[in-house]
Each structure stands twice: as structure tokens, then as C-alpha cells.
Amino acid sequence: MVKSLLKRMWFPLAFLGLTAQVPLHTPTPSPKSMSSGLEFGFKEGPGVFSPKNLVELKRPGAGVANNAGDLVLVPVSEYSFKDKKNKKSLVVTPIESSVNPLEIHLEKGGEAFWIQSRTLAHVVEGDVGLEIYALDITFEAASEGRAGVLATANAPVLIGKLPNKGATNFRYSTTSGVLVFSDYVYPDGNLTSVAEQDGAYETRGNSAYVYDKTFERQWDTWVGPKKVSLFSVRLHQDPDRKWVFDEQFTNLLQGTKHSSPVEPFGGTDDFDISRNHVVYTTKDPELDAAWHTKQNVYIVDIKGNSKPRELTSGEQGAVHSPVLNAQETKVAWLELDEDGYESDRAKIVIYDLEKDVRYTLTQGWDRSPDTLAFSKEGNFIYFTAGDEAKVKVFVLPVPPTPASSTTNPSLSKKYTTPVALTDSKAASGIQPLYTGRLLFSQSSLTSPNDVFVIRDLQRLEASILQSEEPIQFNSQAEQLTHLTESALQGTNLSSGESFWFKGALDKDVQGWALKPHGWKEGDEKKWPVVLLIHGGPQGAWEDQWSTRWNPNVFAQQGYFVIMINPTGSTTFGQEFTDAIAEDWGGKPFVDMQKGWKYALDAYPEIDADRAVAAGASWGGYAINWIQGHPEYNFNFKVFDSNYNGYSTDELFFFNHEWGGRFSPSNFVNNWSTPQLLIHGSKDYRLPETESIGAFHALQQLGVRSRLVVFPDENHWVLNHGNSLKWHYEVFRWFDEFVGEH
């Protein structure tokens with residue numbers, strides 16, 4: 001029998017479905033705990049990584065190499081509270097040279113991408129729409145007796161203009177001289193008349209939104225008359241090497257009812273380009289988007305000389321990450337089987353354009369890839385996938401195409417057993433390069449993104465093809481950038497300790513432990529502890545950096561951090577993920593009880609009488625459910641706002657997951673603990689009425705409560721100042737009840 005894991009009452013803090021709780025010795029708050037005027041400040045100073053340090057730390061994106069494969073571009077943003085400005089820059093780093101990186105400051109912000117191996121395009125806002133500038137780079141590798149050079153060659157040159165300021169997601173084909181991008185247009189699909197139609201819409205004489213079908217709003221935006229589409233335009237050099245921008249924009253989705261990238265999070269990962277084609281994914285236009293996840297894949301001529309042709313079977317669920325090989329003979333994408341289930345297992349599907357045959361490559365592999373990329377030769381496919389709370393890089397050879405389309409082709413093991421190229425941290429932005437190299441970015445619990453390269457992959461690829469048995473990759477990746485190393489020096493961030501225990505149904509369950517700043521072995525019952533519960537519920541605490549929920553920030557403020565990946569978590573196999581559906585109040589809480597007991601037994605330095613917990617989205621639900629169920633022998637009580645699934649934007653989630661059996665609001669009679677509620681008014685995934693209703697109930701019950709509202713935030717707190725305020729409210733709340741006063 002699991003003994004009581006927490007022996008005191010807990011206070012909840014709900015934020016965007018987030019809840020945190022703190023213990024109190026009696027159901028009636030003491031005079032000290034009723035005071036909200038206690039002085040509080042973050043732990044800061046040399047050697048401490050504080051919330052302010054987190055917000056001001058550089059935020060590197062994924063690196064992108066040029067076509068030559070000798071330079072990599074990394075976009076970086078860095079916020080300054082002193083200047084109250086988010087400064088953006090580009091860092092250009094050699095891949096095969098020791099020449100120092102080049103940092104290019106972008107005073108006007110904007111997006112950048114390669115248009116030649118020595119030329120960047122920089123897109124910034126102009127007086128009317130967007131302006132595209134060409135910026136030449138000079139690069140000479142160091143040689144004997146001669147220093148290398150990496151610098152800008154001259155001032156940026158204006159090479160083109162876009163009519164609207166909403167254009168984004170730029171991809172450029174150097175072989176065809178065509179730029180593809182996305183922008184919002186009205187039903188006529190005309191890019192050049194958007195500004196005029198905007199004016200007419202804004203002066204229509206009323207402010208009503210009228211809907212005959214969903215979505216009426218999504219994520220943080222009310223859906224209006226415009227939708228996103230893909231456009232192409234010629235951008236090339238004339239014989240004198242001057243850039244020519246044709247200004248004839250082709251709507252590649254004209255007349256199709258398609259919208260790509262898929263909102264709210266789709267970007268360049270929702271389409272790919274080659275010399276002659278664009279492949280993209282879109283929601284099925286014949287189905288209601290709010291309760292269907294089904295997406296289709298289409299291929300279209302890059303200049304719009306043909307209508308889009310569907311490549312998917314029509315029997316799939318969601319689709320992600322479509323990619324073309326350089327030879328334009330094959331397309332690959334990630335496909336989920338079940339329409340309406342966004343966390344179904346993703347499988348790699350390959351479509352042979354020459355033979356008109358489609359087949360599933362990873363039908364028997366119990367992991368879900370994230371991103372895909374063909375090798376330069378098109379005979380191997382590289383991808384990332386979560387595996388036991390890490391996001392690794394894998395590779396598979398592309399097999400001979402079957403005679404006919406199939407979801408379960410007969411293939412030898414070498415074609416169905418992915419070879420892992422990394423074994424820790426979290427990889428992203430994979431990009432195969434010439435001469436057997438792979439570029440990728442990687443973050444971890446202790447660092448934001450840096451760029452890495454793996455070499456000598458020809459030898460590995462040859463070994464895979466020659467062997468009928470699985471092989472192991474033994475080489476190491478080389479780190480090319482150190483973008484935040486100096487800022488993090490001396491902070492001693494915890495890399496996390498992975499632990500395993502037996503959970504519900506005797507399944508193996510994984511968790512992480514991060515020791516607090518200043519921890520010393522043998523300091524028994526010295527440290528307060530925070531249990532972090534992830535959202536989703538189909539998500540995971542991974543060996544990955546976060547600017548929103550960063551466990552090291554909690555550890556640096558003096559908390560022993562425990563994170564558990566209970567039933568429903570991803571990266572541990574599809575059965576484990578699926579097992580939470582309609583069982584929200586079941587197996588996950590058996591896992592958390594057993595995991596908590598394991599942590600308290602394994603780490604005697606934890607003071608279990610000074611325990612707090614925090615969770616976002618489903619994590620907030622989880623804490624409220626536990627606190628409403630004293631029969632779990634946790635001995636604490638909390639409140640949860642009513643889970644009103646029909647008010648969310650994505651009904652497919654509610655339809656698939658809920659089941660209706662586990663509503664914490666049914667246990668309102670147990671509410672007795674003070675509660676802090678924080679919510680974003682633009683959160684349409686979990687509307688703010690969830691927290692407002694909770695606040696009203698607590699007030700009427702006479703339970704001490706506080707409501708903090710961010711009118712301009714959605715399901716996440718993204719504004720830098722708001723992020724610091726969020727951290728302040730959370731840690732002030734914790735400190736008031738478990739801090740040392």
C-alpha cells in the first residue's frame with residue numbers, strides 16, 4: 001500500500017489550467033498565511049540563474065546551412081529589461097573552419113534566409129508592405145600563415161517588395177530562382193488587393209463576426225474572412241548578377257479551398273519546395289475543422305502551371321512534415337491513422353512519384369517521428385523522434401518501391417529498424433549536407449539551441465545497406481556554436497537525473513529529478529520540493545530547454561524538482577500514450593503516487609513537509625483532481641474549474657479524450673484551500689471563464705484567493721515582462737508558505 005505522500009494540505013495555483021499548491025498545517029489559514037504583504041524577491045546574484053536571467057537569455061532558433069554546406073545561419077533574439085527591447089540578430093558560423101562566427105544585428109528585426117551560398121535575403125517591414133534586401137557574405141577559410149575572413153561584403157541592397165506585411169515562411173529554390181511564402185488573403189485569393197479589402201472590411205459599419213461553421217476562433221484569434229495561402233514569385237539574377245524580382249505573384253492554392261500552412265502552429269514544416277514542385281499539407285476542406293484532424297498532402301507546380309494533385313489515400317488522420325527529395329522522384333510525410341486524434345502514432349509514408357505508389361515505412365516502429373529530411377542523394381531518410389524523454393536523430397534507408405500501394409510492405413529489417421545517431425538531449429532542424437554530413441540543432445535541460453554536425457555518414461549508410469541486422473552508430477556529433485555558454489557559465493544548471501519505477505498495471509514509468517542550487521549530499525530534509533506535472537495530457541518532460549516551464553529556474557530558486565511522465569505521456573510507445581483516453585482520473589494518478597513515493601525514498605534531502613506542485617493545462621487539471629480526492633491518501637484538497645470541453649476551440653480533443661467521468665468540479669464540497677488563479681484572456685483553448693468561475697466560487701466560500709489576468713496572453717505567457725511577472729507570482733506564492741521566514 002502506498003503511504004501518504006504529502007502529509008499536509010495544499011494550496012492550488014491555477015494558470016491557463018496551471019495549478020500549484022502549497023501545504024498549510026490547518027484548514028483555517030494562520031494570520032501569517034493570510035498576509036499578502038510579505039516582502040519577497042527572487043534569489044539572484046553571481047552563480048544563480050534567476051527568472052530574470054531566463055527571460056533575458058539569448059534564444060537561438062534552429063540553424064540553417066547554405067547550399068554549399070560551409071556556412072550555417074542561426075536567428076537569435078535577446079530581450080533587455082534595461083532597454084525594454086527584444087534585440088534580434090543573425091549568427092553565421094563556418095561548418096568546416098575555425099574562423100570566428102559573424103553576428104549581424106537586425107535593427108528592424110525581420111526574417112532571413114539563404115538565396116545563394118554567399119548571399120542572405122533579409123525581409124523587413126517597409127512603409128507599405130515588406131521589403132527584401134540582399135546581404136552578401138565574404139568568407140575565406142583560414143590557411144597556413146593567413147587568417148580567415150567572415151564578414152558582410154557590403155551594405156544591404158533592396159531587391160524586391162511584397163504588398164502586405166503578413167508574408168512569412170519563406171523558402172527559396174536556388175535551382176529555379178523561385179521564392180515561395182505564405183500570406184493571408186480574402187476569398188478571391190488576390191495578394192495585391194488585400195490592403196484595399198482590409199480597408200473596406202474595417203469600415204464596414206459594424207464589428208460583428210458571423211459563423212455558419214467552425215472554427216469561429218482558434219488558439220488566440222477570432223477567425224475572420226481571410227485565410228492563409230502559399231504564393232510563388234520569381235526572384236533570380238540576370239546575366240550581370242543583378243537580382244530581379246518579377247512582382248507577379250501566383251497563388252498556388254487558388255480555387256482549391258485549401259489553406260496552408262495549417263493554423264495555428266504550421267510554418268515551413270507544412271510545405272517543401274524543389275526545382276519544379278511544392279508539396280504541402282492542408283486540412284481536408286470538406287470536413288469541419290473543429291472536430292476533424294484529417295489533413296491531406298498535395299503536390300503542385302512551383303509556378304502554378306498545374307492544379308494541386310492529392311497524394312494521400314483519403315483514409316488518414318492528421319499529416320505533418322511533407323518533404324521532397326532533390327531528384328523530385330519521391331515525397332515523404334508523417335501520417336496519423338485516426339481522424340480526430342491528434343496524438344495518434346505518426347508513421348513515415350513515402351510516395352513514389354514515378355510509379356504512383358504510396359507505402360508506409362515505419363508501420364512496425366513504436367515511436368512517432370517529428371521531422372523528416374531526405375539525404376542529398378535521396379536514398380536515405382533522416383528524422384527526429386522522441387524516445388524515452390529525449391528527442392533523437394535517426395536514419396533509415398529508402399527501400400525499393402513496392403509493386404502497389406500498401407500500409408504494411410514486406411521489408412527486411414534494415415529498412416524498418418531506425419539507427420539512432422544521437423542518444424540524449426533534444427534534436428531539431430535536421431539538414432543533410434553534401435559529403436555525408438548532417439547538420440542539426442540541439443537543446444537540453446541545461447542549454448538552449450546550439451548547432452551540431454555529424455560527419456562520415458557515407459560509411460554508416462554503406463554499413464546499413466550491407467547488413468541485414470541492426471547496426472549501431474558509434475561516432476559523435478561536433479558542436480559548432482556556443483551561443484549561450486558564457487551567459488550560463490558558473491550557474492551549475494542541473495542536467496537532471498532520470499529515474500524509473502513501476503506504475504499502474506506494473507508498467508515502467510520514467511521521471512526526472514533536478515537537485516536545487518546549493519544542494520549537498522547528506523542534507524536530510526533540508527530542501528523544499530516541487531512536483532511539476534506536464535500538460536497535454538499527451539506530452540512529456542524531455543531533456544529539452546524551455547523558456548516557459550524551465551525546471552532549472554525552479555531548482556535555482558532552491559527547490560528540489562521532481563517531474564514524472566505518467567500514463568498518457570509521449571515518447572514511451574503508443575500504448576502508453578493511448579492509455580489515458582477517457583481515463584484522466586485513473587492510471588496517471590497511480591503513476592504519480594508511486595513516482596512521488598519513489599522520489600521521497602530516493603532523495604532523503606527532500607523535506608516532504610515543504611512540498612509544492614505546479615502544472616500547466618492538463619497538469620492543472622491533474623493537481624485539482626488529486627486534491628479533490630482524499631481517498632488517494634494524499635491528504636490535501638484543491639479546487640478545479642469546471643472542465644467545459646465544448647467551449648474549447650478544438651472539439652476533436654474533447655470528443656476523443658474526455659469521457660465525462662473525471663470532472664474535479666464535482667467535488668466542490670472539498671474546496672477549502674487558498675488559491676491563486678492566473679489566466680490569459682486570449683486563451684481560447686481553455687477560456688478565461690474557467691479561472692473566473694473558480695475565483696468566484698472561492699470568494700463565496702470564504703477561501704482566500706487571488707486572480708491575476710493577462711489580457712494580452714493566450715495559453716502561454718509570451719511577453720517578456722509578463723513572463724517575469726508570472727514567475728514572481730508563482731515563487732512569491734511558494735515562498736509565503738514553504739519559504740524560510
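These are my notebook entries on a predicted model.

**Ground rules.** I number residues from 1 along each chain as its sequence is written.

**Whole protein.** I looked up the secondary structure and found 13 helices and 44 strands; these are DSSP runs numbered from the N terminus (helices H or I, at least four residues; strands E, at least two). The C-alpha trace spans about 80 × 70 × 60 Å along its principal axes. I noted that 57% of the 741 residues count as buried, meaning under 20% relative accessible area with a 1.4 Å probe, protein chains only.

**Helix α13.** This helix covers residues 720-738. I counted 16 of the 19 residues of α13 as buried. At the start of α13, a side-chain oxygen of Asn719 comes to within 2.9 Å of the backbone nitrogen of Gly721.

**Strands β28 and β29.** I then turned to β28 (residues 347-352) and β29 (residues 357-360), which run antiparallel and are joined by four bridges; strands pair if DSSP finds at least two bridges between them. Asp352 stands opposite Val357 in β29. The two strands form a hairpin with four residues between them. In the turn, Asp356 has a positive phi of about 55°.

Definitions and conventions:
Heavy atoms only, no water. Expected span 1.5 Å × (residues − 1). Buried < 20%, exposed > 50% of the residue type's maximum accessible area, 1.4 Å probe, protein only. Polar contact = N/O pair within 3.5 Å; in protein donor to acceptor, adjacent residues only side chain to side chain.
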